[in-house]
Amino acid sequence: MKAAFPQSSVNRRAVRRWVVAAITVVLILAVFGALTLYRPMPRTIDRSSLAGSSVPHEVSQTQLTAYCPARMSLSDTGSYGDTQYQASEGNIASSARYAAFGSVYKATIDTLSGDGTQSTELENPDLLDSSSIKASSGNVDKGPTLVETKMLQAQRGTGTVSSVAAWATKGDLRGLSASSCITPALTQSFLLPAADGGSTNQLVIANTSAKATTVNVTLWGTKTAGILTSATGSSLSVAAHAQSMLDLGAAAPGQKGLLVTISSSETPVAAVVRSVRVDGLTDKGSDYAQPLASASRHVVVPSVNEGDAVTMLMFSAVSATATVSWIGADGSGESQRHDLVGGKVSVIDLGKAPRGVSGISVDATHPIRAEVRVADGGTSGQEDFALIGRGVSTDQSAVVVPDDITGTTTVINTTDNAGHATIQAYDGKGKHVGTREVSLAAHGSTRITDADISSDARLFMMTHGDGIIWGVRLSRDDVSKAGLAGVAYLASQSLDIHSERVWAKPDQGIVK
């Protein structure tokens with residue numbers, strides 16, 4: 001027979017259990033509340049995890065894209081009026097050269113559409129020859145091309161350099177034009193000569209990405225200071241893998257010179273301006289205007305030749321004074337002083353370049369953008385011109401010369417000390433064909449023809465110290481033999497590492 005427990009004892013045990021449970025809940029809530037309010041002493045925390053700390057990271061670009069513009073063309077080729085008065089592109093033809101230097105895994109040439117149906121890979125002529133480089137050639141008769149590059153690693157001396165040239169001995173584009181291939185960017189600027197009478201400045205904007213974008217176009221002129229109101233609107237839509245064009249003469253008529261800045265809102269774009277000058281029925285030359293280097297208080301422009309008709313275009317955001325000097329074989333010559341109005345393009349006729357000149361130097365009281373227009377004359381009033389921007393010094397750079405074009409390299413030392421440079425030359429297939437050592441006095445300059453290194457030299461890579469700039473002036477035999485002026489120029493392109501320093505900062509508000 002089981003013993004019976006008093007009912008009062010059972011009730012007391014149940015009450016005790018409830019009391020213990022209630023106290024436990026209260027204690028747990030109190031602990032959680034304390035933890036939410038408690039802030040540990042800073043010395044008890046690992047410093048590397050503090051929200052206020054940040055760590056630098058060097059981020060380098062290992063994939064590159066370059067846009068090579070189509071051959072030179074007229075913006076208007078309408079077949080109206082009498083035949084003798086119609087604009088004609090004549091026998092215009094083109095050539096393109098592509099080269100990959102250094103630690104490049106793969107470099108491919110393709111159309112702007114980027115569909116790969118017409119892609120061509122740059123090839124190394126001799127895989128066993130460590131001095132050779134990847135190279136290829138072609139033309140841009142049917143439209144622009146893209147060069148897509150994948151690098152094994154980002155290091156100095158690695159990258160692709162490409163260029164195009166166009167020429168004619170008949171029609172309204174007689175002469176020679178050339179352009180380096182352009183790396184897309186969010187913002188680019190151009191300084192342009194007048195587009196009056198029969199002359200045109202056609203802005204071509206290419207979107208190499210798979211995303212459409214809107215580009216804002218800002219203009220400054222010679223008549224008034226400040227931003228101009230564009231007669232054709234201040235924005236331009238550019239579809240993915242496509243290009244759009246704008247007649248800058250129609251956008252800002254009556255200006256003797258223009259500064260044009262384009263800014264893309266969605267994705268980097270590549271731009272070039274096809275500048276064509278015509279005086280009545282006489283062609284006065286054509287060239288590609290390329291994006292300007294950044295503004296600087298000291299500007300040096302190479303490859304100005306004796307006898308060139310020289311016009312200087314300058315722009316300063318604020319009023320400044322610029323001193324312009326000729327650079328000769330033994331240094332700078334006679335100087336000219338010019339006052340620049342802030343927010344206004346200045347166009348200065350420097351006359352004929354004197355004997356022994358190899359470039360122009362400008363010292364300004366404030367940073368300026370500058371470009372030089374050099375022109376030469378042929379028979380029957382025909383002329384041709386080239387637009388040359390500020391030279392930029394980098395540790396390693398290169399120029400590639402298209403087929404059937406000859407070049408003369410101008411090297412200028414912009415420093416107060418003696419300088420030295422080494423030029424490596426390659427043939428059209430990428431095989432190493434020669435080396436040239438160059439020594440320069442302070443502020444000295446020299447010229448070197450292709451044949452001075454090798455008759456087969458087409459691709460040139462230069463390694464040099466600070467303050468040395470260079471570029472290549474071009475010519476073509478059949479243009480010269482026709483009694484025509486042919487003036488064109490290719491600036492050196494950097495092979496330095498494309499990198500940015502990024503600072504990473506932990507954020508305790510982000511839940512991983």
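Two strands pair if DSSP finds at least two bridges between them, and the strands themselves are DSSP runs (E, at least two residues), numbered from the N terminus. With that in hand, welcome to a predicted model, in which local features need pLDDT of at least 70, side-chain atom pairs count only at pLDDT 80 or more, and totals for chains, interfaces and linings use all residues. Residues are numbered from 1 along each chain as its sequence is written, and side-chain values use heavy atoms, with hydrogens and water left out.

Let us start with the sheet. Four strands make up an open sheet with antiparallel pairing, in the order β6-β3-β8-β9. At its edges lie β6 (134–138) and β9 (175–180), each of which pairs on one side only. From one strand to the next, the twist averages 15 degrees (axes are lines fitted to C-alpha atoms, and angles run from 0 to 180 degrees between N-to-C directions). Strands β3 (residues 93–101) and β8 (residues 159–168) run antiparallel and are joined by nine bridges. Ser95, for instance, has Ala165 in β8 as its bridge partner.

A disulfide here is a pair of cysteine sulfur atoms within 2.5 Å, and searching the whole structure turns up one. It links Cys68 to Cys181, with an S to S distance of 2.0 Å. The torsion about the S-S bond of Cys68 and Cys181 is about 110 degrees, so this disulfide is right-handed. Because Cys68 belongs to strand β2 (residues 63–68) and Cys181 to the loop between β9 and β10 (187–193), the pair ties together parts 113 residues apart in sequence.

| Residue | Relative accessible area | Class |
|---|---|---|
| Cys68 | 0% | buried |
| Cys181 | 4% | buried |

Key. Buried < 20%, exposed > 50% of the residue type's maximum accessible area, 1.4 Å probe, protein only.
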